[in-house]
Amino acid sequence: MYNTTILIIVSFISAMLTFYVNEELKQGPVRSSAILSLIVAVYFHYYAGAMDSYLAKNIPLVFIGASFIGMVSARLVSSYLLIGVAGIIFCLIFLHTSRFFNGYGGALGTSACISLLAVLSIPIVGKKRKLTNGMIQLRRVLFKINKK
Amino acid sequence: MEKRHDRNSTIRKFFIVFLLIIQVVFLFAIFRENLQSWWTIASMFILCILILVTYLKGQLHHEDHEYEHILVVLWIPIGAVASFYLNHFLHFGPVISAAAVGSTASFIPGFNKRSHYLKQLPAAIYCGAFIGMSSTGVAPGISFVLTASFFTAILLILSKNLFAGVGGKLGTMAFAGVVITSFVYFLISSYV
């Protein structure tokens, strides 16, 4: 449980940090994802020290995977929270990834894409709710007029 | 003109459905291994529905269809082999190899800032680097990596304006390339 929590926090931070470097610091998607992951991976490769070997092995993997989410363009998502949520979903998929696809290059990218696409649907569903809220307001107005 | 438009729209639909299938297969594999946990099954269903909503209603693609230039995708095998070499011959591990190749690639546009061609290279090389992250159990040698790069290159050529700016697109292409190649290898080994 302790390890899972740490991995979830890492992916939450990684996705948002990459998006920040990508969009605010204008470093472009590839550089922001690759350099951040390189720093984290090198650190855990050489200076993991007394850290739990499970964490030392998985934190770089989760970090690079979640950083793919941060490569998204601001045209599609602009909310940091949504990107963070996508990071959490990514981590949950990563923890359950099928043993069948173990060792396949690009599996991290696919998980990242799935979690990002899932999160992208939230504004679409949200928009519909706004519309129905509008309908309710309209009905109320009509209802009041009828009462009078 | 009309004919070309029809062909483009067929390719678009084919590609979008293909990517959806790859992702659903990926989720289905998780689903199959966790049949005992209701929590996982429910979340897989919710994820599938959410993805479907985005596929149907999201503004993911540019209107006009374009093809990626072949000179751009030629860099995929270079990225793949470089990353594979760092990963398995120098034993740096998958993350450092892919990230190092990607970091180096991201500085290529700096050589000539006015060149449109150089600006497109980092994405192609980074896409190749994901193929090189495969373990030796999946990718036994350079020939596998080159074949996977070939399939990934075809997918990247077809999908220039599709899923534009979606994070994870490059990874999904690389994954699709690796899956197709291992399927082809599996077929060859079972029938030859």
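In chain A, residues 24 or more positions apart make up 72% of the contacts with a separation of 6 or more; two residues are in contact if their C-beta atoms, placed from the backbone, lie within 7 Å. This is a predicted model, in which local features need pLDDT of at least 70, side-chain atom pairs count only at pLDDT 80 or more, and totals for chains, interfaces and linings use all residues. Residues are numbered from 1 along each chain as its sequence is written, while chains are lettered from A and ligands numbered from 1 in the order in which they are written.

## What chain A is built from

Chain A has 5 helices and 0 strands, giving the order α-α-α-α-α from the N terminus. Helices (H or I, at least four residues) and strands (E, at least two) are DSSP runs, numbered from the N terminus.

Of the 148 residues in chain A, 47% are buried. Buried here means that 20 or more other C-beta atoms lie within 10 Å of the residue's own, with C-beta atoms placed from the backbone.

## Two helices that pack together

Let's look at one pair of helices. Two packed helices are described by the angle between their axes and the distance between the axes. Helix H1 (residues 2-24) of chain A packs against helix H4 (residues 80-96) of chain A at about 140 degrees, and their axes are 8 Å apart. H1(A) is therefore oblique to H4(A), since angles under 35 degrees count as roughly parallel, over 145 as roughly antiparallel, 65 to 115 as roughly perpendicular and the rest as oblique. Axes are lines fitted to C-alpha atoms, for helices over the stretch in contact, and angles run from 0 to 180 degrees between N-to-C directions.

Residues of H1(A) that meet H4(A) include Leu7(A), Ile8(A) and Phe12(A). On the H4(A) side, Ile83(A), Gly84(A) and Phe90(A) are among them. By class, this contact has 13 nonpolar, 5 polar and no charged residues. Ala, Val, Leu, Ile, Met, Phe, Trp, Tyr, Cys and Pro count as nonpolar, Asp, Glu, Lys and Arg as charged, and the others, Gly among them, as polar.

## Where chains A and B meet

The contact between the chains takes 46 residues from chain A and 49 residues from chain B. On the chain B side, H5(B) gives the largest share, 9 residues. That side divides into 28 nonpolar, 18 polar and 3 charged residues.

Technical notes: A residue is buried if 20 or more other C-beta atoms lie within 10 Å of its own, exposed if 12 or fewer, and partly exposed in between; C-beta atoms are placed from the backbone.
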